[in-house]
Amino acid sequence: MPEDKQSQGLENLLHEKRAFPPSPEFAAQANASADLYDTAATDRVAFWADQARELVTWKTPFTETLDWSGAPVARWFADGTLNAAYNAVDRHVAAGHGDRVAIHFEGEPGDTRTITYSDLLREVSRAANALAALGVEAGDRVVIYMPLLVESVVAMLACARIGAPHSVVFGGFSADALRSRIADADAKVVITADGGYRKGAASALKPAVDEAIAEREGQPATSVEHVLVVRRTGQDVDWAEGRDVWWHEAVEVADVEHTPVWVEAEHPLFILYTSGTTGKPKGILHTTGGYLTQAAYTHLNVFDLKPETDVYWCTADIGWVTGHTYVTYGPLLNGATQVIYEGTPDTPHKGRWWEIVEKYKVSILYTAPTAIRTCMKWGQEIPGGFDLSSLRLLGSVGEPINPEAWMWYRRVIGGDTAPVVDTWWQTETGAIMISPLPGVTAAKPGSAQTPLPGIAADVVDDEARPVPDGGGGYLVVTEPWPAMLRGIWGDLDRFKDTYWSRFRDVYFAGDGAKKDEDGDIWLLGRVDDVMNVSGHRLSTTEIESALVSHPMVAEAAVVGATDETTGQAVVAFVILRSEFAEGAVQDEVQETLRTHVSKEIGPIAKPRTILVVPELPKTRSGKIMRRLLRDVAENRAVGDATTLADSSVMTLIASGLAKPA
Ligand code: 6R9
C-alpha cells in the first residue's frame with residue numbers, strides 16, 4: 001500500500017497493547033455469545049438464512065438463500081417477499097408493543113415529541129397514502145432532503161411501504177449537489193422542509209430544492225412532479241402552485257389505513273449517494289431482504305439491544321448510511337426505543353448531548369470519533385456535569401478511532417465500565433462488518449478487530465495474498481454478504497471497476513489495514529483519493545472540480561491532512577489564472593474559494609486551508625503527487641520527490657509558502 005498512508009497511524013497503533021475483556025456481568029446478559037462464530041463458520045449461508053427467518057417477517061418465505069451466479073451482483077433470499085416498513089413498524093404493533101416509544105424527538109430549540117409504535121404506524125400509513133395520491137408507485141424514486149425530524153424517518157418508511165426507493169440527500173448539501181442527485185436518480189417527488197434548526201437559528205432548505213429543480217438553459221427538464229414540504233421553522237417559502245404540497249395538508253387528509261406493498265427481496269429499498277474517487281458521486285443501491293437481515297442482526301448483537309429496557313441513541317443524520325441502518329432500519333426492526341436529535345452538540349451549550357443522555361436515560365450511544373475528539377477538546381468537566389450512569393454500551397463509527405479517544409470515551413462517557421465497539425463498515429456494505437462483539441470480545445482501543453460471524457474479510461497484499469499476522473495491506477471482503485450493495489445506480493461497469501477489478505473475485509473496500517499478532521484488524525484509512533473529514537466521505541476530485549469551476553482558478557489539487565479534531569481536513573493547493581495571480585491576497589483568495597466550494601458542494605466540503613502556489617507536483621504521466629502535498633499540508637519534510645517530472649517544483653512551492661502572501 002502507499003507508504004504515506006501506512007505511516008499515518010501505524011507508529012502509535014503498533015504500540016497499543018491494552019485490552020478490555022468483557023465483565024462477567026455484561027457477558028452473562030449479552031445477546032451475543034461465542035457460539036455465533038462457530039455456527040456461522042460451520043455453514044455461513046445457512047447461518048444467514050437462520051438470521052433472515054428469525055429477525056425478519058416474510059410475507060412469502062424464501063426457499064433459496066444465496067444466488068451468486070450473477071457475481072458481483074448477489075441475490076439473497078430472492079424468492080421471498082416482504083415489506084421493510086411492515087417489519088419496522090406494523091409487526092411490533094401486532095405483537096402488542098404499540099404503546100412502546102419508538103422515537104423520542106428532541107428539537108434543537110428544545111421542543112420534543114414522543115412517538116409510540118402505534119403513532120408511527122398511523123403516520124407512516126398516512127404518508128404512504130399521501131405519496132400514492134401524488135402518483136408515486138412502486139419503483140419510482142423519491143428524494144428526501146430534510147433535517148433530522150420524525151417526519152424524515154416517517155418519509156423513508158412511507159417510501160419503503162409503497163416500494164418506492166428513497167434517496168436521502170444530506171440537508172447540508174448545496175442546491176447543485178442536490179440537482180445532480182435528483183437527476184441521476186430521476187426522482188419523481190422530493191420531500192423536504194421549509195428549514196431546520198442549526199446552531200440556534202432557522203436554516204432554510206426549501207430554496208435549495210427550488211433552485212435544484214428550476215429550469216436551466218441547455219439542461220433537460222427536471223423529472224420532479226411534486227415537492228412535499230414539512231413545516232418545521234415556519235419561515236417564508238416560495239410556492240409553486242400545483243407542484244408544491246404541504247406535508248401536513250396532504251398527510252392530514254390521508255387515510256390512516258394502508259396495506260403495505262409486498263415486494264421481492266431484491267426490490268430496491270434505497271439509493272444513497274457517496275463520494276468516490278472521481279468527481280461524480282456514486283448512487284449506491286441497496287435492496288430489501290438482505291439489507292434488513294443484516295441491519296437487524298448487527299443492531300441486535302453489536303449493540304446488545306434489549307428492546308424493553310434500552311434507550312438507544314445514534315447521533316448520525318439520515319443523510320448518511322449510518323442514519324439509514326442505525327437510525328431508521330436497525331433500531332425499528334428490533335423494536336427499540338430511540339432518541340433522535342435535530343441539532344448540533346454545542347447548541348445552546350457544549351453539554352447538550354450529555355443533557356439529552358441524562359434526560360432520556362440513554363443506555364446505548366453510537367457516535368463518531370470526530371465528535372468524541374471534539375468533546376475531549378472541550379474538556380471532561382462538561383460531560384462530568386451530567387448523570388451519564390445510564391450508559392451501558394458505546395459505539396464508534398466513521399473513521400479510525402485513535403486509542404486515546406477510545407480510552408477517553410470509555411472512561412469519561414462510559415464510566416470505565418461500558419464496552420466500546422469500534423464498528424467498521426461503509427455505505428457499500430450496508431451494515432456493520434467488522435467489530436468486537438460486546439460480552440464476547442476483549443476489546444482493544446483503536447481496533448475494529450474481527451469480522452462479525454457470517455462475514456469473511458481479510459487483509460491482503462498487492463497480489464491479493466492474505467498477509468500474515470503482523471502484516472499490512474488492503475482490506476477486502478472475500479465472500480458475499482446479505483447487505484452488500486447491488487450496484488451503482490445506472491452504472492454496472494463502474495460498480496465492477498470500482499470494487500471488483502483491483503483483486504479478482506473479492507470486494508476491494510478502499511481501506512488500508514493491518515493485522516496484529518493476534519490476527520485482529522486495525523483500519524488505517526483510505527488508500528484512494530477519498531478523504532474522511534469528521535466521518536464524512538469527500539472526494540478529492542469532487543472538490544478539485546469545484547475549485548477549478550471558479551474563474552479565478554487554473555488548477556487545483558486537494559489533499560486530506562491529518563487534523564486533531566476532524567480526523568482529516570481538506571487542504572487545497574491552487575494555481576491562479578494569470579490575470580488574477582498578480583496582486584492576489586492569500587486571505588481573500590481563500591475566503592472567495594471557500595465560499596465557492598460551499599456553494600458548489602456544501603459547507604462540509606469547504607477546505608480548511610487554501611494555498612496559492614505557482615506549480616503543482618506531477619509525475620511524468622501527469623498524475624498529481626498528493627503525497628508530497630500532504631507533507632506540505634502537515635508541515636513535514638517533503639518525502640521522496642524523485643518521480644516528479646520537474647523536481648524543482650517542491651522547492652518552488654515551499655519557498656512560496658514561506659513568504660507571507
Ligand atoms: C459507515 C460509514 C466508509 C469509510 C470506510 C473507512 C471509514 C468507517 C470506520 C472507518 C476505521 C471504523 N470508516 N468506519 N475506518 N474504523 N470503525 O462511515 O460509511 O460514509 O461510506 O464511509 O469510512 O475508510 O471506507 P461511509
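Colleague: Which residues does His596 touch, not counting residues up to four places away in sequence?

Modeller: Contact means heavy atoms within 4.5 Å. By that reading, His596 touches Ala546, Ser549 and His550, not counting residues up to four places away in sequence. This is a predicted model: local features need pLDDT of at least 70, side-chain atom pairs count only at pLDDT 80 or more, and totals for chains, interfaces and linings use all residues. Residues are numbered from 1 along each chain as its sequence is written, and side-chain values use heavy atoms, with hydrogens and water left out.

Colleague: Is His596 buried or exposed?

Modeller: Buried means under 20% relative accessible area, exposed over 50%, partly exposed in between (1.4 Å probe, protein chains only). His596 has a relative accessible area of 15%, so it counts as buried.

Colleague: Which residues come nearest to the ligand?

Modeller: A residue is near a molecule if one of its heavy atoms lies within 4 Å of it. The ligand has 17 residues around it, and Asp422, Thr423, Thr427, Arg526 and Arg537 come nearest.

Colleague: How much of the ligand's accessible area does the protein cover?

Modeller: Accessible areas come from the Shrake-Rupley method with a 1.4 Å probe. On its own the ligand has 530 Å² of accessible area, and the protein covers 97% of this.
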